[in-house]
There are 2 protein chains.
Amino acid sequence: MSNQVSNQVFINLSESIQRTRIAAIALAKLSSDAKNAALEAIAVALEQQAEIILAANQKDLADANANQLPSALIARLKLDPNKLKGMIAGVRDVIRLDDPIGDRQIHRELDAGLVLERLSCPLGVIGVIFESRPDAVTQIAALGIKSGNGVILKGGSEAINSCEAIASVIYQALEALFAKQGGVSPNVVQLLTTRAETLAILQMDKLIDLIIPRGSNQFVRYIQDNTHIPVLGHADGVCHLYIDVAADLDQAIAIAIDSKTQYPAACNAIETMLVHSAIAANFLPLALAAFQERGVELRGCDRTQKIIAINPATESDWSMEYCDLILAIKIVDSLEEAIAHITTYGSKHTEAIVTEDPAIADIFMSDIDAAAVYHNCSTRFADGFRYGFGAEVGISTNKMPPRGPVGLEGLVTYKYRLVGHGHIVADYVGANAKAFTHRDL
Amino acid sequence: MSNQVSNQVFINLSESIQRTRIAAIALAKLSSDAKNAALEAIAVALEQQAEIILAANQKDLADANANQLPSALIARLKLDPNKLKGMIAGVRDVIRLDDPIGDRQIHRELDAGLVLERLSCPLGVIGVIFESRPDAVTQIAALGIKSGNGVILKGGSEAINSCEAIASVIYQALEALFAKQGGVSPNVVQLLTTRAETLAILQMDKLIDLIIPRGSNQFVRYIQDNTHIPVLGHADGVCHLYIDVAADLDQAIAIAIDSKTQYPAACNAIETMLVHSAIAANFLPLALAAFQERGVELRGCDRTQKIIAINPATESDWSMEYCDLILAIKIVDSLEEAIAHITTYGSKHTEAIVTEDPAIADIFMSDIDAAAVYHNCSTRFADGFRYGFGAEVGISTNKMPPRGPVGLEGLVTYKYRLVGHGHIVADYVGANAKAFTHRDL
């Protein structure tokens with residue numbers, strides 16, 4: 001990697017991220033009120049500068065159209081007065097979230113006068129790399145400030161004018177407030193604009209504490225493979241729905257349709273449906289009719305194709321994230337076979353079962369290794385807002401926490417603080433060792 | 001890496017770890033009673049087979065002496081009836097620890113009949129690679145079983161006979177209990193014996209969920225750099241003690257002596273002492289006398305050498321983990337300079353300040369980025385047992401949790417379980433969207 005990035009880019013960028021790091025150390029100590037005041041100032045400035053932001057976005061849209069970018073991308077890129085209102089409301093939503101910093105998770109006397117605390121604290125500086133959506137700038141800046149972290153942002157090149165306009169409004173709002181009453185330094189949020197800078201920050205494990213990539217599977221996997229910085233996110237979202245022998249078939253159809261079609265490009269949409277052989281002959285014709293009505297292409301295993309006339313699914317279909325109106329179907333003879341298939345091909349994101357048998361559901365939910373295991377509901381519920389977290393920084397398929405939809409808690413860590421009065425360990429070992437009291441306070 | 005490991009080793013090992021993985025899935029669902037019964041059976045078997053274990057250890061000791069291994073290593077390797085008793089008591093200590101599995105961290109109604117839970121669950125299979133200490137086998141096996149995880153162990157080659165004897169006692173104890181009443185499968189614990197196997201498991205990110213390396217800095221760094229599996233642990237432990245201008249000097253001496261000499265090879269021992277210039281002339285002669293009495297070699301910056309006659313410290317001393325009776329000393333002119341030095345050279349492990357000024361202590365403890373920040377006490381308290389965790393799986397200097405001394409909580413993750421009655425997301429979007437209740441239960 002290092003030979004792809006010039007030394008000068010690296011040095012300049014290090015210095016500038018160092019400024020964000022220093023600003024973040026001060027931010028970590030600010031009160032909730034000071035952080036919320038900064039967020040309100042940002043919201044007001046975004047309202048006042050709406051015209052400038054929309055004009056910059058028009059420029060990006062014109063370029064995108066001239067370059068014939070895909071229409072889905074252009075839709076995500078586009079800002080209008082309504083979307084801007086939503087963006088600003090999102091900043092104010094973060095004001096209302098509980099401050100995640102300073103939470104005392106442990107408070108324990110180890111011995112008289114020797115007191116241990118475990119307090120939540122910010123991670124430091126977070127790098128967020130995203131594609132097209134310019135509204136990500138305000139959302140991430142707001143979450144970063146609330147959680148006491150500096151944020152380094154890099155948007156997609158197609159959104160560069162919009163992102164620069166928004167970042168500049170945020171900077172000016174923070175600068176004006178800081179000049180007036182101190183508080184959050186404008187240096188806590190920084191926008192990068194070049195690919196060389198993105199490559200460079202992946203090497204800065206001394207300056208950046210967490211990388212959150214938002215984008216295609218390939219993009220996320222590239223980041224995971226090319227940095228020593230912890231990465232919060234997920235590459236694949238190959239989710240399954242298993243229709244058990246004891247399923248309510250109407251419910252199964254409704255859940256299958258929602259899980260596939262409600263937003264097919266989402267990571268929590270299903271890619272494969274597993275169907276128990278004992279109900280396949282009854283269920284599959286109903287499924288075929290329902291999916292065809294919604295324009296979904298079905299691809300089936302050999303046994304499925306003997307029941308309904310659909311395209312064949314090959315081995316590669318079982319690990320494919322279509323992000324589209326395509327669904328693979330496989331017939332299995334048992335719960336165990338369903339679990340084995342999911343264990344082999346799933347990406348530990350969200351896995352669901354439809355069954356009226358609670359014992360079967362229990363086995364499924366215990367034995368499946370995934371961030372989310374669902375019973376009789378759509379996989380599309382896997383989302384921080386739907387879980388009631390108020391905000392989502394991403395969905396993690398890591399095994400170690402934070403896992404699944406991650407709210408503000410993904411942006412904090414903790415520190416142990418121990419305060420004594422000259423306490424030394426030598427007094428607690430050997431023949432006349434003092435005993436610890438280990439009394440929770 | 002892969003060309004260092006033959007295909008056949010890789011395939012055989014994968015199959016055998018797969019057996020541990022399957023055993024771990026069953027283990028994850030067992031009650032605390034079933035897991036504790038297995039631990040008690042192991043403790044009893046260790047008592048009954050003490051002679052066999054000690055005989056195997058004698059063989060390792062003879063080989064170690066013949067190979068002229070360092071005496072510190074031989075001391076760690078050596079088992080005697082007393083150490084064996086301690087090992088067995090350690091297994092029974094784990095029986096008394098709270099079961100970390102099944103803890104309901106979130107219980108929330110998202111809407112009528114749609115209930116979200118977040119439950120703690122095992123990670124799956126953990127790989128622990130350690131050097132010399134054969135007692136690690138029982139400790140890790142016990143922690144693994146209690147936390148519902150399969151464990152793959154690899155001890156140092158110098159301890160191979162001891163480790164195999166202990167692993168075989170554990171296997172037989174579990175096998176006998178399993179034949180009698182079911183419960184914990186003997187396959188949950190597996191001992192590897194070759195370096196080729198160790199290299200191979202680093203590549204098995206589908207089969208192993210966490211690697212815990214215990215050993216030298218170099219060894220830990222090698223593992224961190226050569227696997228995609230999460231690593232819990234720390235390479236360096238470069239800890240500092242800062243003696244502030246407002247320090248009680250007697251207390252400062254006592255804490256400095258304890259932090260350096262109580263166990264110099266420990267990761268939480270200090271390597272560098274920072275001294276405020278305003279008290280250096282008073283403090284350093286006292287420190288010199290106290291450290292010389294305990295045979296500690298002092299190395300000082302230029303200014304330190306003008307006050308006391310000691311060897312010079314060079315740039316490389318500031319980032320050195322001596323693991324020995326050597327201490328580097330640097331004079332600083334301010335709290336800020338002390339913090340800047342620690343930020344540059346520290347390893348985010350444990351950092352301490354001695355001061356009677358609570359405002360100064362507060363700034364130090366907020367601004368230093370480390371797993372542990374201490375005020376007026378020895379850095380040697382950074383330890384899971386001293387914190388009252390009952391057991392320690394390691395000390396992590398990662399920024400993301402778990403951080404610092406890690407008890408059983410480092411061996412668990414969580415899963416979101418959502419149970420509905422046919423709930424679909426389409427009902428919660430659009431014009432007639434139902435609202436979520438988000439009511440904690």
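**Strand pairing and chain contact in a predicted two-chain model**

In strand β8 of chain A, A:Thr272 is the bridge partner of A:His240. Residues are numbered from 1 along each chain as its sequence is written, and chains are lettered from A and ligands numbered from 1 in the order in which they are written.

Strands β7 (residues 239-243) and β8 (residues 270-276) of chain A pair in the parallel sense over 5 bridges; two strands pair if DSSP finds at least two bridges between them. Helices (H or I, at least four residues) and strands (E, at least two) are DSSP runs, numbered from the N terminus. By this assignment chain A holds 14 helices and 17 strands. Helix α13 (residues 335-345) of chain A lies across β7, β8, β11 (326-332) and β12 (350-354) of chain A, and runs at about 140 degrees to β11(A). Axes are lines fitted to C-alpha atoms, for helices over the stretch in contact, with angles from 0 to 180 degrees between N-to-C directions.

An open sheet of 11 strands, with mixed pairing, has the order β10(A)-β9(A)-β11(A)-β8(A)-β7(A)-β12(A)-β13(A)-β16(B)-β2(B)-β1(B)-β17(B). Its edges are β10 (311-312) of chain A and β17 (439-440) of chain B; each has a single partner strand, so one side of each is left without a neighbour in the sheet. Strand β16(A) runs parallel to β13 (residues 372-377) of chain B and is joined to that strand by 5 bridges. Within β13(B), B:Val373 is the bridge partner of A:Arg417.

The contact takes 54 residues from chain A and 54 residues from chain B, where two residues are in contact if their C-beta atoms, placed from the backbone, lie within 7 Å. On the side of chain A that touches chain B, β16(A) gives the most, with 11 residues. The residues of that side divide into 27 nonpolar, 15 polar and 12 charged. Here Ala, Val, Leu, Ile, Met, Phe, Trp, Tyr, Cys and Pro count as nonpolar, Asp, Glu, Lys and Arg as charged, and the others, Gly among them, as polar.

Chain A is superposed on chain B by a rotation of 180 degrees with 0.0 Å of shift along its axis (RMSD 0.0 Å), which is the relation of a two-fold axis. The superposition is by least squares on the C-alpha atoms of residues with pLDDT of at least 70 in both copies.

Terms used: Predicted model: local features only at pLDDT ≥ 70, side-chain atom pairs only at ≥ 80, totals over all residues.
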